[in-house]
Amino acid sequence: MKRFVIILLLLQTALADDTFQVLRNKAEGFAQVVPGKSIVFPADHGAHPDYRIEWWYLTANLVDQKGRDWGIQWTLFRQALSAQTEQTGWSSDQMWMAHAAVSTPDGHQFEQRFARGGIGQASVVNMPQFEAWIDDWQWLSETPSPLPATLKFNVSEIKVEMQLSSTDEWVLHGDHGYSRKSAQGQASYYYSQPQIGISGQIGEHRLSGSAWLDREWSSQPLADNQSGWDWFSLHLNDGAKLMLYRLRHADGEHWLSGSWIDQSGFLKHLGSDSIEMSELAFREVKIDQQNSLRLPLDWRINLPVLNRQLQIKPLYDQQWMGTRFPYWEGMVLVEDNEGNRVGEGYMELTGYQ
Amino acid sequence: MHASLYLVIRAVLSHYWCHRWQTLFLLVGLVAGVGLWSAVQIINQQARLSYAEADSLLGVQAGYWIRSRNDTGVEVADYIHLRRAGFRQLFPVVEGEVSTQRGEPVSIIATDLFALPSNLLDVDKIDPATVWLDFVQPPYRAWIPAQLADELNLEKNSRLPLRDGRLLPPALVQSHAQQGRQILMDIAAAFELLNMTSLSYLALGAIKPNELERLQSLLPQQLELIENHQHLDLQQLTESLHTHLSAMSLLSFAVGIFIVFNAVRFSLWYRRPTFINLRLMGVSTRLLMTSVLIETLFWSIIGTTAGVLVGMQIGKLLLPGLSASLHSLYDATVNTQLIWQLDTILKAWGITLLGLCWALAWPLYRQLKQHSLASRVSEDEKQSRQRLTRAAVVLVVCSVLLYPYLQDALSGFLLLGLLLFSAAWFLPSLLALALQTISCSIPDHPFIARWLVSDGWSQLPALRTAMMALMLAMTANLGVGTLVDSFRNAFVDWLEVRQSADIYLRSSRVDFGRLLDPQQSSAWLQHSHRRIGVTTRWQFRQTLIRGVDKQAPDSLNLPLAQWSADSPAKTLALWRADANSLLVNEQSHYLGGLQLGDKIDLETANGPKSYRVLGFFYDYGNPYFQFYLSREEVVRQWPQHYSRGVALWLNPQNENAVLLAEAAMRAAGASAGDWISQLQVRKLSLNIFERTFTITAAMNALTMIVAAIALLASLLAILQERLPQFAQWRALGVRSREQFFIIACPILIFVTVAWLLAIPLGALLSWLLIHKLNIVSFGWSMPMLWEMAPAWRLGGIILLVVCATLAMTGWQLRRRLPDALAQLGEMD
């Protein structure tokens with residue numbers, strides 16, 4: 001679910017001082033997220049312009065030839081500015097935004113881009129082959145499915161070119177892809193590919209590792225009383241994967257949800273009653289030249305039904321995305337109770353400003 | 001020392017407190033002069049700053065443009081292709097013009113805010129984020145600069161109705177960097193409004209050399225990368241215009257300083273006893289000089305401060321019109337927001353100090369140096385008249401010597417300045433001569449006639465400076481008036497010949513073959529003229545090579561300024577017969593140095609080719625060079641030519657020709673707004689013309705007002721000075737009517753002499769402006785249209801000013817005479 005976040009993205013609508021508002025806007029006029037709809041591939045890999053928001057979200061944990069940890073994030077967001085039938089050309093009401101970040105042993109860099117739809121400057125198509133792009137940032141597959149593919153982008157002067165492939169099944173979160181976000185009925189369609197083999201080049205460095213692709217679309221994913229979320233996508237060394245998030249409510253009754261995919265690809269949905277999450281440590285993160293923010297960077301996650309206890313720590317604290325819609329998104333490592341590294345992944349923290 | 005200096009300054013300055021009228025006039029002169037001068041300085045500076053920014057577009061430095069070679073616009077697909085190749089420095093621009101219901105042209109500029117290299121964060125600073133969300137969504141928003149919104153009477157959310165009945169998007173009074181007087185909107189809105197489908201051009205933000213090379217190699221065949229010379233071009237093109245404005249402002253400044261001089265002259269008379277007393281009290285000359293310098297400094301600071309403030313206000317009034325003209329003439333975007341520049345203030349202070357040194361410090365210094373306490377006014381007066389005359393002769397000699405070297409606007413104005421000031425300095429001698437002649441020619445009786453002449457002698461010193469100022473203002477008024485009238489006349493005649501077609505159609509979508517198909521169009525169409533062109537650079541200036549139909553009605557009657565054969569008609573016939581000959585505009589002759597019979601080497605697609613110049617045609621208002629070749633020749637040599645549209649002459653026999661023509665144009669792919677009728681073209685052209693000269697007329701009127709103030713100031717000063725004398729007259733039994741007659745007559749004589757001198761001088765000034773300055777500055781010539789009517793009109797106005805001034809003087813006299821009489825009684 002994560003990533004609504006950003007979507008605040010596009011263009012904050014009515015209340016300019018609350019960047020999340022777009023996620024709470026009523027979905028009138030837009031297509032609705034309803035239970036029971038089947039996710040169909042490869043059609044659903046493409047864009048859904050009749051829904052308000054949508055994203056293609058890739059994170060990857062990589063290791064260079066010296067064994068150092070690297071990470072990349074590449075996301076393309078789409079937003080429909082109005083519920084009108086999609087117009088083409090310059091009058092299109094589809095807006096696109098992209099974020100990219102490279103976390104290196106020497107620091108974290110990010111870049112954002114904006115483009116309007118309808119003119120071919122940014123879009124996602126999946127016929128005859130899948131392609132997602134904004135200017136020269138491009139995810140190009142050889143088939144109508146997003147994988148296998150080549151991903152090319154740059155962050156400032158750093159060029160990134162990666163090969164992506166996967167043989168695993170797509171994971172449909174929630175109820176066959178219908179992912180509830182609140183008790184009031186907010187929901188999204190949400191599926192992922194948590195096991196993507198990734199290798200390629202960042203600047204002069206050759207790297208490889210594993211990536212995670214999230215796909216999600218909705219017309220109103222956030223409830224009025226939800227202020228932000230904490231999201232995790234984790235690869236464990238034993239082959240299991242875990243996605244979980246906590247949507248924070250003002251009254252402390254947070255909405256928790258997750259998916260556990262075991263070594264054999266079996267998916268177990270985790271509800272609020274089967275997840276325990278707590279912050280272990282808050283630390284200062286620089287958000288610009290002058291200011292910093294205290295963020296919960298260390299976490300304890302307890303999954304009683306699976307008998308798993310995990311501790312999450314960022315590989316680098318300073319992975320702030322100072323984009324127009326700012327948030328913390330970065331590589332984390334997973335430790336067991338004894339402090340052994342048992343996996344890695346990505347964490348996203350929003351709504352703390 | 002300090003205490004005594006303080007006392008001396010107090011004593012010296014107390015004069016201004018006691019004689020507030022003179023203080024007021026000194027201030028008025030200073031403020032008027034500095035104000036007008038600094039107004040023009042501020043305007044020029046603003047314009048130059050804008051030119052310096054001309055390599056930026058909407059806040060982004062754009063060192064290059066990408067345009068289509070044949071002027072059909074840049075296809076969106078080509079733009080996207082380049083963006084996807086990684087050229088995010090590129091952003092799309094759509095430009096166009098629409099007409100308001102009153103026929104005023106309004107420029108539209110549109111871009112994609114998301115694509116601006118520095119995009120959203122900058123946009124965000126403007127207003128809440130929702131502003132730009134509205135910008136990109138129907139019904140869109142038109143961002144209109146405050147000044148323009150004011151002129152168009154637009155408020156937030158109101159929609160400007162256009163000539164074709166459509167509406168602009170809802171207005172938002174807001175502007176982006178370098179928007180100037182254009183209306184900014186989203187590309188989607190502009191495409192809809194202007195009925196366009198391709199981009200006007202792409203602008204290229206900062207780019208590294210290797211990336212530029214890559215861009216060049218990836219550029220589609222139909223597009224070309226053009227370096228943005230605009231800031232250099234604009235500086236070159238507009239230099240003369242700004243020199244003209246500066247010259248007029250200097251004239252105003254001079255007239256203002258004349259008033260100051262006048263006011264000081266009278267203050268000298270009053271302050272003589274003060275100085276004498278101070279000297280008798282043992283105050284040293286050095287101390288007195290220091291006090292004079294401090295006084296000068298004091299007035300310069302007051303004058304500069306008030307003058308610059310006034311100048312700012314005048315600038316605010318004049319700049320929008322000038323900015324509109326610069327946009328229509330040179331495509332220059334000039335911001336209408338005035339900004340303070342320390343530079344202007346310092347310059348204003350410098351020039352004020354200089355002026356005051358001449359008008360205030362020097363006369364005071366001379367006063368101090370005079371050891372003789374006796375009054376030598378009449379002797380002084382004669383001497384100073386002679387001095388002025390000698391100086392005038394020197395100026396005339398200088399101007400005669402300068403004349404052969406007249407090469408640019410600056411030397412031209414220097415010559416004008418020399419001539420005007422020499423005439424002004426001759427004037428006192430002329431006035432004296434007039435009095436002399438009258439006194440010789442009148443009989444001894446009646447007695448009042450002799451009194452009148454002798455009173456004239458005593459008024460002459462007082463009125464001398466005012467008359468010089470008045471004559472300068474009148475001369476400038478007549479000269480510039482004649483220039484504008486001549487230009488208007490020539491321009492209107494020229495428009496009639498050049499724009500003789502009934503309809504002008506310009507659109508890249510029109511199927512001209514279909515529109516002009518003789519079988520289809522014979523009912524409504526009599527003649528047509530399809531012009532094509534290419535833009536190149538010749539002698540570092542933008543040059544248009546036009547391919548014209550040599551048999552079209554407007555080509556057959558092309559108005560020539562100079563021709564190589566016996567007559568214009570023969571020259572045109574030769575040009576029609578020879579594909580290797582060309583006609584060029586006058587600008588190429590005067591500014592580009594081309595002579596009849598010269599050969600021009602042009603780079604064509606088939607290699608360099610030489611063309612011979614047969615004649616120069618009038619091409620008013622065009623800042624560029626323009627060459628006329630045949631259409632076929634341009635097609636042959638410049639395959640990348642673009643269409644300049646078509647001119648249509650309708651069939652006069654067919655009453656429905658206009659309707660038929662419109663239907664045919666629609667059927668050929670044009671839409672309303674793509675064509676414009678002859679009437680509208682002429683109206684637009686004349687509007688631009690009138691607007692261009694508004695600032696000239698305003699400066700002219702303001703200078704006249706300053707001169708009128710000078711006259712009033714002098715008369716009131718005379719009154720002040722001579723009040724005891726007038727009281728004596730009254731005591732001797734002179735009636736008030738007689739007294740008024742005695743004062744008024746010499747003034748009328750002087751004003752008449754000044755007016756009479758201003759007429760030939762005005763004619764000389766306009767001759768120089770038209771035949772010399774205009775040619776070296778703008779490169780076009782015109783016949784001079786001299787008429788006496790403006791001179792009579794000016795005489796009438798001056799008479800009114802004199803009458804008003806005399807009435808005021810008379811009123812003052814009546815009010816103050818009783819006191820003066822009482823004082824006279826006491827003195828007795």
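**Exercise 1. What share of chain A is buried, and how is the chain built?**

Solution. Start with the share: buried residues make up 51% of the 353 residues of chain A in this predicted model. Next, look at the secondary structure: chain A has two helices and 23 strands. Last, check how far its contacts reach along the sequence. Take the contacts in chain A between residues at least 6 apart in sequence: 53% of them join residues at least 24 apart.

**Exercise 2. Work out the corresponding values for chain B.**

Solution. Chain B has 828 residues, and 43% of them count as buried. Its secondary structure comes to 24 helices and 20 strands. Now for the reach of the contacts: among those in chain B between residues at least 6 apart in sequence, 83% join residues at least 24 apart.

**Exercise 3. Find where A:S156 and A:N307 lie, and decide: buried or exposed?**

Solution. Begin with the backbone. Most residues other than glycine have a negative phi. A:S156 goes against that, with a positive phi near 50°, and A:N307 has a positive phi of about 55° although it is not a glycine.

A:S156 is in the loop between strand 8 (149–155) and strand 9 (158–165) of chain A. A:N307 is in the loop between strand 19 (292–303) and strand 20 (308–314) of chain A.

Finally, count neighbours. A:S156 has 10 of them, so it is exposed. A:N307 has 7 C-beta neighbours inside 10 Å, so it counts as exposed too.

**Exercise 4. Which residues of helix 3 of chain B are buried, and what covers them?**

Solution. Helix 3 of chain B spans residues 76–84, and its buried residues are B:V76, B:Y79, B:L82 and B:R83. These cover an arc of only 125° around the axis, so they are on the same side of helix 3 of chain B. Here's a rule that helps you picture this: an α-helix has 3.6 residues a turn, so residues three or four places apart point the same way.

What lies over these buried residues? The cover includes strand 4 (90–99), strand 9 (201–204) and helix 8 (209–218) of chain B. One more detail to spot: just after helix 3 of chain B, B:G86 takes a positive phi of about 100°.

**Exercise 5. Describe how helix 13 of chain B packs with helix 23 and with helix 14 of chain B.**

Solution. Take helix 23 to begin with. Helix 13 (residues 409–441) and helix 23 (residues 736–778) of chain B pack at an angle of about 165°, with their axes 10 Å apart. Angles over 145 degrees count as roughly antiparallel, and these two helices are therefore roughly antiparallel to each other. The crossing is right-handed. By class, this contact of helix 13 with helix 23 of chain B has 20 nonpolar, two polar and one charged residues.

Now turn to helix 14 (residues 447–498) of chain B. Its axis and that of helix 13 of chain B come within 9 Å and cross at roughly 145°. This crossing is right-handed as well. Helix 13 of chain B contributes residues including B:L420, B:A424 and B:L427, while those from helix 14 of chain B include B:V453, B:W457 and B:R464. The residues of this contact divide into 15 nonpolar, three polar and one charged.

Methods
Residues numbered from 1 in each chain as written. Chains lettered and ligands numbered in written order. Predicted model: local features only at pLDDT ≥ 70, side-chain atom pairs only at ≥ 80, totals over all residues. Axes fitted to C-alpha atoms, helices over the stretch in contact; angles between N-to-C directions. Helix = DSSP H or I, 4+ residues; strand = E, 2+ residues; numbered from the N terminus. Parallel < 35°, antiparallel > 145°, perpendicular 65-115°, else oblique. Left-handed = near helix turned anticlockwise from the far one by under 90°. Nonpolar A, V, L, I, M, F, W, Y, C, P; charged D, E, K, R; others polar. Buried ≥ 20, exposed ≤ 12 C-beta atoms within 10 Å, placed from the backbone. Arc of directions from axis to C-beta. Contact = placed C-beta atoms within 7 Å.
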